[in-house]
Structures are given as C-alpha cells and as structure tokens.
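Hello,

Here is the structure I promised to pass on to you. My notes on what turned up in it follow just below.

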Amino acid sequence: MSNDPAVEIRGLVKRYGTKTAVDGLDLTVRSGSVTAVLGPNGAGKTTTVETCEGYHRPDAGTVRVLGLDPVARAEALRPRIGVMLQSGGVYSGARAVEMLRHMAKLYAAPLDVDTLVERLGLGGCGRTPYRRLSGGQQQRLALAMAVVGRPELVFLDEPTAGLDPQARRATWDLVRELRTDGVTVVLTTHHMDEAEQLADEVAIVDAGRVVVHGSPEQLCRGGAENTLRFTGRPSLDLASLLKALPDGTEAAELTPGVYRVTGDVHPQLLATVASWCAQHGVMPSSLTVERHTLEDVFLELTGKELRA
Amino acid sequence: MSAGTFAPRPGAAPVSRMILAQTALETRMLLRNGEQLLLTVIIPALLLTLFSTVDIVTVPLQEGGSGKSVDFLAPGILALAVMSTAFTGQAIATGFDRRYGVLKRLGASPLPRWALMAAKTLSVLVTEVLQIALLTVIALALGWSPQGDPLSVAALILLGTAAFSGLGLLMAGTLKAEATLAAANLVFLLLLVGGGVIVPLDKFPDAVRSVLGLLPISALSDGLREVLQHGGALPWGDAAVLAGWAVLGLGAAARLFRWE
C-alpha cells in the first residue's frame, strides 16, 4: 500500500448551468482508509464522487484518483476502481446474479460470484429480474457490482439508503472487511451514525465545500465542549474537584445539588470524578455524559439540520 | 468469506472477452423482451404469411421468380426484420438502458465505450441472423424461390443495419426513453406502410414516390427485391442511399449521443 493519497481534490468547482454544485472543494483521502463524505441532500456529495469516477469534467480545480486524471486517464483508472451509483445501473430484465456474473467477466481476477452472492444474501433473489427486486436487494446488488472486480478503491454513493437495520449492519460489516483487506473506501452518507461507526475520516460538506475534515473523535472534541452532569448533596467543594481534574476543565453548581463539568470528557475524566465523589462520601444520584455528536458539529458549522 | 478475500487484484479482462460477454448479455436481454419479440419476429412472420396466402395487396409479379406473391413479399419482410431490430428494437432498448443508468454504470467499468457499441452492433447482427433464418424457412415453406447472389444480399443487409443503427442510436441517445419508445414504434409503422415493404411504391403518386424512394427502408426493400426477386447484381443506387443514411445517422449519433 503506497503512502500517496488515494484521492486528491484541490479547488474543485462544478456548475450545472447557473447552479454551482461544487464550489472550491478540497479533499484528500488517505490510502487504505474509510472516508465518509457527510452532508445534507444537495451539498455536492454525489457530484464530487462522480467527478472522481470520471463522469464529470471539473470546471476548475484538479482531481487525482490513484494519481490519475479520471477523465484523461479513464481507461487506466476504471479497472482499478469500484463504483456503486446511488441508483440504477442494471438492465431491467437482467437477473441479479446474471448481472453480477457479467460484471465479473469484465475484470481480470474477479471475486468468486457464488461466494459474494451468499455473503450479501442475494442467493434467494438470484433469478429475479432487477426490476422486481426490492430496494434493499437492488442496493446490495449494486454494492456487489462495485467490489466484484477486486478494486483498490471503491466509491459508494449512499450505500445504505433505504436499507433496514439488519441490511445496514451487513453493509457496514462488508465495508469494514474491505478496509481490513486493504481497500480504500469513499462513501457518501447523510447518516451521522454511519460516519461515526465506519469512517476513519469524515469530511463534512455543505454548499459544495468541505467545512471540516477529521476523524470522528477529532470532530466531536472540537467546537463546543462536552459536558458531564451529576447531582449530589449541595455545596460540594468544587475547588477540590477541579484540582483533581485536568487543566482547562470547568465545574459549576448550576442549582443546589446539580453540578456541571465541562471540558474534554473522556473515560479517564469520568473515573476521576467518580473517585473524587467516593473520597468525599458523595453518592451521585444521577450522572450523565452529554457528548458532542457529529450532528451537533454539523449544526454549529452550517446552521442546518443534516436531514432537512 | 475468509480474511484477504477482498485484497485488491485490479485489472481489466482482455477486450475480446469483454466484447464477447457484453454481446451475449445484450442478445439475451433482446431475446428475453416480449414486446421486442413481437416487433422483431412475430409481426414480420405474420405479415409474410398473411399477405402471401391472402390476396389483400396486388403485388407486381411479372418479372422473374416463380410468379408467387411471396417472391415480392419475402425481400420486403427481410428489410422489415432488419429495421425492426437495428432501428426500433435498438432505439427502445438503448433508450431504456440509458434511462436506467446501465450505460452510466458500464461507463465506470473496464469496458470501453467503443467496445460497448461494438457489442451492441454484434448483438443486433446475431438477432438478425436468427430472424432471417426463421423468416427464410417460413418463406420457403410458402413457395419462395430466391434468386441472385447471397453476397449482394449480405452487403445490402449490412449497409441497412448500419443505416438503421445510426438512426436508432441517435434517437435513443437524445430523446427521453418514453419519447423514444413512442417515436420508434410510430416510425416503424409509417415505414412499414410507406417503405415498399408490403405496399409497392408504385401504388403512390409519382411525387410522393420519389421522396419515399430515398427512405432507408425503401432502399433496402427495393435493393433486396432487385437481387432476390429479379436476380440482379448489387443495386448501387440503393446501396448508396443506405450508405448515405449510415454516414448521416452514425455521424450524428456519435456527436449528439448523451450517455446519461
């Protein structure tokens, strides 16, 4: 696995008529990572991914995928990437397994189709024409088609949209397995939990730009701080508590007996507060952690709800 | 699946293998589609049988052949079969492939676009061979006695296929799928009536007839009749008309075809 980035986007601009879909977007995808491009509908996620797949010529900026220009070097790039479109891509009269077998024939060393069919639970509908498959089955077939050629890099455009929880988990497991086996994954989603669960790196996109990029932990730690609340007897010695806590942490008694600790809330901090309570004979009658989620980060950065 | 299953081993299959696989798939899709079969097989076979056995249209019988109406009809029906597959069938199928994102998805696979087009053409030719075999058997059973040089027939059919494919792809690549469906069927019907397939062109007034004579279907049915009914050599005028349509249609399709 090389150290060069799998995808490098600099200042990408893409317009459709008067509408600017992507507006100066920068993104680097580390080789071997799972990167989630997170944002609301219309943020420019699909246009960005499809530009990487060679479908669109940038109006400005540069895109390099595995070091190649996806438009000029399409023939060299296409055998090396796997693509899952947001929808469609299959002959309406083709049977699920027939289409997958066909895709496999276009590659030099494809995966074993039968094994992949079983792995994705497509065996039961293998002879069903595409147009009669359920939405979830169509999604799983599209995913199978993206990985069957044993690509180095896969682009999954909303891979779990419309899936029930069980099928979603199966897709997550597959993405994890791809990473374990050294495949770089770029996926778009508007599900926070998906990004938090799967991604090494998250790029939050709004109005055609990346507004913030980092690991889910980094993103959740940044911005507004996390909060720990507990209740105990009134008028505890907060100065003594603060001495036990790391610098930068704050503590306050909001109303008699209700305490708030703000700062970098992590398990060690929780343990410190608990042991301080034990030392002082305090039994917290409630103790809650309010962690900053990606959803909060998104709301703060864009002023928008993610699934609006 | 065990660990390492997905370990990357990227690479395209040899292009000949891709084209072969794509041709097989396209042909299966074509033959599996009921409406397409109606158009490409059932209608030509019915017209051939009906008009050969029932005296609905008086056909010119004087020159050459056994003097049976099937000698006039069979070449026209072969031309119709070519049109139904290369134009109507191809336009409708490709229009829906485009609409369902098939062309887009294949565009991200190792299959080059030219190879996809080659495969579509080969699949049209395979279908035509099956149609022609079936229609020939029916025509022979009806007493058809074909004349002329098979190579001239093959040349005309290839030129006709190129002309109709260009027009079909032009329609599929520029109109919406539903519009293509409607327009391709309408054109099929109009050309069936006005293209010398079952109604001889000399039934039309002279002015109309000279225009109709320039249609690809008229050139193909007239050309095939010249060889198969009258035992003539390759009719260069008809061949030139077909070649002209092929250049125009394929050229316009290459410039205007939208893949998404």
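Predicted model: local features only at pLDDT ≥ 70, side-chain atom pairs only at ≥ 80, totals over all residues.

**Chain B: the annotated spans**

Over residues 114-145 of chain B, the chain is 88% helix and 0% strand, with the end C-alpha atoms 40 Å apart. Helices here are DSSP runs of H or I with at least four residues, strands are runs of E with at least two, and both are numbered from the N terminus. Residues 72-93 of chain B are 100% helix and 0% strand, and their end C-alpha atoms lie 31 Å apart.

Residues are numbered from 1 along each chain as its sequence is written, while chains are lettered from A and ligands numbered from 1 in the order in which they are written.

**Where the chains meet**

Chain B puts 31 residues in contact with 36 residues of chain A (contact means C-beta atoms, placed from the backbone, within 7 Å). On the chain B side, the elements giving two or more residues are α1 (15-32), α3 (69-99) and α4 (102-107). Of these, α1(B) gives the most, with 6 residues. That side of chain B divides into 19 nonpolar, 6 polar and 6 charged residues (nonpolar: Ala, Val, Leu, Ile, Met, Phe, Trp, Tyr, Cys and Pro; charged: Asp, Glu, Lys and Arg; polar: the others, Gly among them).

**Chain A**

Chain A has 11 helices and 13 strands, and its C-alpha atoms fill a box of roughly 75 × 45 × 35 Å along the principal axes. Of its 308 residues, 42% count as buried (20 or more other C-beta atoms within 10 Å of the residue's own; exposed is 12 or fewer, partly exposed is in between, and C-beta atoms are placed from the backbone).

One open sheet in chain A has 3 strands in the order β2-β1-β4, with antiparallel pairing (strands pair if DSSP finds at least two bridges between them). β2 (19-29) and β4 (60-65) of chain A are the edge strands, each with a single partner, so one side of each has no neighbour in the sheet. The twist averages 25° from one strand to the next. β1 (residues 7-16) of chain A is joined to β4(A) over 5 bridges, and A:V7 stands opposite A:V65 in β4(A). Helix α1 (residues 45-52) of chain A lies across β1, β2 and β4 of chain A, at about 120° to β1(A) (axes are lines fitted to C-alpha atoms, for helices over the stretch in contact, and angles run from 0 to 180 degrees between N-to-C directions).

A:A251 stands opposite A:V261 in β12(A). With 2 residues between the strands, A:G257 takes a positive phi near 85°.

Best wishes

Terms used
Contact = placed C-beta atoms within 7 Å.
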